[in-house]
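Colleague: I've got a model open and I'd like to learn how to read it. Could you walk me through it, feature by feature?

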Amino acid sequence: KNNFIFNGTSFNNNQVNNNCILDSSEILYQFNGSSLSLKYPSIKIYKGDFILIKGVSGKGKSTWIDLLMGMRIPIEGKIKRFSHLDKSIYLNANVSKEDIINLLDSYFYNLSNLFKNKQKIDIAKIKHLKLICGIDFIDFCSLNDLKNIDKDLSSGQYQRLQLFVALLLSPSILILDESLNGIELELEHKIIRDIKFNFERLTLIQISHRPVEINIYNKIYNL
């Protein structure tokens, strides 16, 4: 009675409780001064989940993430969080050279083990992450090199650099809000596949209205 099977894998209740990051009932949200309400489905998020949120623009996909992460408050429904969300990283599509530099100067980075052990960053890890993120357009061997980019890059190239830095920081939750929409579709699919293969404990939430490889994700929500 205390066991169940999900996607062919057996779990007991203790394992589920330990792996559950967030449990949300159906929730309702209303913007200040608006009579329009947004209704969102119930959701449970576990460590290692790969979640896709789809829908046309204006359906409130990003707002739902804000609610789940505690940045907005629903007018109805409850959200239980069983894990600290301070190791979450949110990336969106609008990124520039200044954003890369700001990420390296951020509060998150300065408190991370990566910052405390700058001189001990594994060069092999950097090369591996560059491969995962499809970074073959610029050569660098350390994070400080990224602060001295001396050429203009495309929006898709900046998006890949932003993703590289985020993965190097080892987040527990990575939220991609259309953050790879500036690169070729096949490359985006490859990057997501490689992230899933190499980061088994990472919880990834991707917002996208582009075609996707459905089998990459274990949960899909259409708003």
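Modeller: Let's begin with a term: a residue is called buried when its relative accessible area is under 20%, and exposed when that value is over 50%. Keep in mind that this is a predicted model. With that cut-off, the buried residues of helix H2 are Lys61, Thr63, Trp64, Ile65, Asp66, Leu67 and Leu68.

Colleague: How many of the residues in H2 are buried, out of how many?

Modeller: Seven of eight, so H2, which covers residues 61–68, is mostly covered. The list includes Lys61 and Asp66 as well as Trp64 and Ile65. After the helix comes Gly70, with a positive phi near 90°.

Colleague: What about the chain as a whole: what share of the residues is buried?

Modeller: Buried residues are 46% of the 223 in the protein chain. The accessible surface is about 12,400 Å², and carbon and sulfur atoms hold 49% of that. As for secondary structure, the count is nine helices and 12 strands.

Colleague: And how far apart in sequence are the residues that touch?

Modeller: Take the contacts in the protein chain with a separation of 6 or more: 67% of them are between residues 24 or more positions apart.

Colleague: How much confidence does the predictor have in all this?

Modeller: The pLDDT is the predictor's confidence in each residue, on a scale from 0 to 100. The protein chain averages 83, and 80% of the residues score at least 70. Over residues 1–16, though, the pLDDT is below 50, and this stretch has 17 contacts in the model beyond near neighbours in sequence.

Colleague: Okay, strands next. Which strands does E3 pair with, and in what sense?

Modeller: A general idea to start: side chains in a regular strand alternate between the two faces of the sheet. Now the case here. E3 takes in residues 20–24 and pairs with E6 (residues 43–46) in the antiparallel sense, over four bridges. E3 also pairs with E8 (residues 79–81), again antiparallel, over three bridges.

Colleague: Is E3 mostly covered or mostly open?

Modeller: Mostly covered, with four of its five residues buried. Cys20 counts as buried because its relative accessible area is 7%.

Colleague: A cysteine! How many disulfides are there?

Modeller: Zero, from a search of the whole structure. Another cysteine to look at is Cys133, which is buried, with a relative accessible area of 0%.

Colleague: Now charges. How many salt bridges are there?

Modeller: The rule looks for a side-chain nitrogen of Lys or Arg within 4 Å of a carboxyl oxygen of Asp or Glu. By that rule, the count is eight. One of them joins Lys219 to Asp49, with the closest N and O atoms 2.8 Å apart. This pair links distant parts of the chain, 170 residues apart: Lys219 is in strand E12 (residues 219–222), and Asp49 is in the loop between E6 and strand E7.

Colleague: Are those two residues buried or exposed?

Modeller: Lys219 counts as buried, at 13% relative accessibility. Asp49 is buried as well, at 5%.

Colleague: Can you show me another pair to set beside it?

Modeller: Glu26 forms a salt bridge with Lys39, the closest N and O atoms being 3.6 Å apart. Glu26 lies in the loop between E3 and strand E4, while Lys39 lies in strand E5 (residues 37–40), 13 residues away. Glu26 is partly exposed, with a relative accessible area of 47%. Lys39 is at 60%, so Lys39 counts as exposed.

Colleague: What does a pair with one buried and one exposed partner look like?

Modeller: Look at Lys130 and Asp139, whose closest N and O atoms are 3.8 Å apart. Lys130 is buried, with a relative accessible area of 11%. Asp139, in contrast, counts as exposed, at 68%.

Note on methods: Residues are numbered from 1 along each chain as its sequence is written. Side-chain values use heavy atoms; hydrogens and water are left out. Buried means under 20% relative accessible area, exposed over 50%, partly exposed in between (1.4 Å probe, protein chains only). Helices (H or I, at least four residues) and strands (E, at least two) are DSSP runs, numbered from the N terminus. Two strands pair if DSSP finds at least two bridges between them. Contact means heavy atoms within 4.5 Å. Accessible areas come from the Shrake-Rupley method with a 1.4 Å probe; for residues, only the protein chains shown count as cover. A disulfide is a pair of cysteine sulfur atoms within 2.5 Å.
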